[in-house]
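Good morning. I will walk through one structure today, and I will keep it short. Please look at the screen.

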Amino acid sequence: MGDLTPTQAAPGLHISKPTPDAPAIGSAVCHCGASATATGDAQVQRLVQGWEANHGSAHQGGK
């Protein structure tokens, strides 16, 4: 499997949790230029909420 980390050329949201006991890790890059990373379950949850509210499908047609 290739690298799933989002980039400006391939924007998106990527979340990983290697084991149930490991902290979640997330990264996001939007086509509007915004990007963010997070480590830890609570921080990754906030990253996903922010992505859903302000990026991704929030302005999906605005490429």
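The largest nonpolar core has seven residues: Ala 24, Ala 28, Cys 30, Ala 38, Val 44, Leu 47 and Trp 51. A nonpolar core here is a set of buried Ala, Val, Leu, Ile, Met, Phe, Trp, Tyr and Cys residues joined through side-chain atoms within 4.5 Å. Helix α1, residues 41–54, gives the most to this core, with three residues. Helices are DSSP runs of H or I with at least four residues, strands are runs of E with at least two, and both are numbered from the N terminus.

This is a predicted model, where local features need pLDDT of at least 70, side-chain atom pairs count only at pLDDT 80 or more, and totals for chains, interfaces and linings use all residues. Residues are numbered from 1 along each chain as its sequence is written, and side-chain values use heavy atoms, with hydrogens and water left out.

Now the strands. β2 (residues 25–29) and β3 (residues 35–39) pair in the antiparallel sense over five bridges; pairing requires that DSSP finds at least two bridges between two strands. Ile 25 of this pair stands opposite Thr 39 in β3. The hairpin has five residues between the strands, and Gly 33 takes a positive phi near 105°.

Last, Thr 7. Thr 7 lies in the segment before β1 (12–16).

How values were computed: Buried means under 20% relative accessible area, exposed over 50%, partly exposed in between (1.4 Å probe, protein chains only).
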